[in-house]
Amino acid sequence: MKRRSKKLPLTFFKQPADIVARELIGKILVHDLGTEKLRCRIVETEAYMGPDDLASHSSKGVTNRTKIMFGPPGRAYVYFIYGMHEMFNIIVGEAGKAHAVLLRAGEPLDGWHANLTGPGRLAKAMRIDRSHNGKEIIRGPLHFADDGFRPNQIIATPRIGIDYAKHWVERPLRFIDPASKHVSGKRYKPPAV
DNA sequence: GCATCGATGGTG
DNA sequence: ACCATCGATGCA
């Protein structure tokens, strides 16, 4: 049976990035394309804590690329990297603080067969690209929902691929559902039983 | 299973 | 000259 789900309100996204990143684990990302509705369970996120965070693009200040990060929460920040991948973030926190949450992995729902393990694959499978950059993603076809599911456990680890970020490298700002088989990376192994 | 490498283009 | 990645390749 399918649980009833509710859209997450804007107030949810006004919290700091580390809070939102943790709370998004177990929630649902929805992209309504009209002909079909793509849904996945979020199992991995990362928090980027604003200009002081040396891993965050916002640490470069306001540029053409990062200006969206300094705007109001609830909008998408989608950027292109390594010549082939689009990364999907949501701007959170107070406007101007440039907090953001990167969506790193999800589990396909509704019998959908897709690989959403890793940020590039998640964005591609969910059909999110640079055309969504700056778009409001609370009430529109792209939004987040809560169906009442709660992971048994949520674990924080260091973030992936930010070795240049000095003392921010080891900060536990990556959040995962360790029970999911769709988490990316190799930094966390569940303890052997 | 794990390590290494190259694709490929936006960015400052 | 990098880079919030991924898939292929080599070797075990």
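Colleague: Which residues does V101 touch, not counting residues up to four places away in sequence?

Modeller: Contact here means heavy atoms within 4.5 Å. By that rule V101 touches A17, V20, A21, L24, T45, E46, F88, N89, I90 and V92. Before we proceed, please note that this is a predicted model, in which local features need pLDDT of at least 70 and side-chain atom pairs count only at pLDDT 80 or more, while totals for chains, interfaces and linings use all residues. Residues are numbered from 1 along each chain as its sequence is written, chains are lettered from A and ligands numbered from 1 in the order in which they are written, and side-chain values use heavy atoms, with hydrogens and water left out.

Colleague: Which residues touch the most other members of the largest nonpolar core?

Modeller: A nonpolar core is a set of buried Ala, Val, Leu, Ile, Met, Phe, Trp, Tyr and Cys residues joined through side-chain atoms within 4.5 Å. Buried means under 20% relative accessible area, exposed over 50%, and partly exposed in between, with a 1.4 Å probe and protein chains only. The largest core has 48 residues, and F13, L24, L29, F88, V101 and F144 touch the most other members. Of the elements, β3 gives the most to this core, with six residues. Helices (H or I, at least four residues) and strands (E, at least two) are DSSP runs, numbered from the N terminus.

Colleague: How many aromatic pairs are there?

Modeller: Rings of Phe, Tyr and Trp (its six-membered ring) pair if their centres lie within 6.5 Å; planes under 30 degrees apart count as stacked, over 60 as edge-to-face and the rest as tilted. The count comes to four aromatic pairs. One of them joins F12 and F13 edge-to-face, at 4.9 Å centre to centre and 75 degrees between the planes. Both F12 and F13 are buried. Ring pairs link F12, F13, F88 and F144 into a cluster.

Colleague: How should I read phi, and what is its value in Y82?

Modeller: Most residues other than glycine have a negative phi. Y82 has a positive phi, near 60 degrees, and is found in the loop between β4 and β5. At 66% relative accessibility, Y82 counts as exposed. K166 also is not a glycine and has a positive phi, of about 50 degrees. K166 is found in the loop between β9 and β10, and counts as exposed at 64% relative accessibility.

Colleague: Which residues surround DNA strand B?

Modeller: A residue is near a strand if one of its heavy atoms lies within 4 Å of it. DNA strand B is surrounded by T63, R65, F80, Y82, G83, M84 and R130.

Colleague: How many residues surround DNA strand C?

Modeller: There are 21 residues around DNA strand C, and the closest are H85, N89, R121, G161 and Y164. A polar backbone atom of G120 is 3.0 Å from a phosphate oxygen of DNA strand C. The side chain of Y79 has an N or O atom 3.1 Å from a base nitrogen of DNA strand C.

Key. A polar contact is a pair of N or O atoms within 3.5 Å; within protein, one must be able to donate a hydrogen and the other to accept it, and residues adjacent in sequence count only if both atoms are side-chain atoms.
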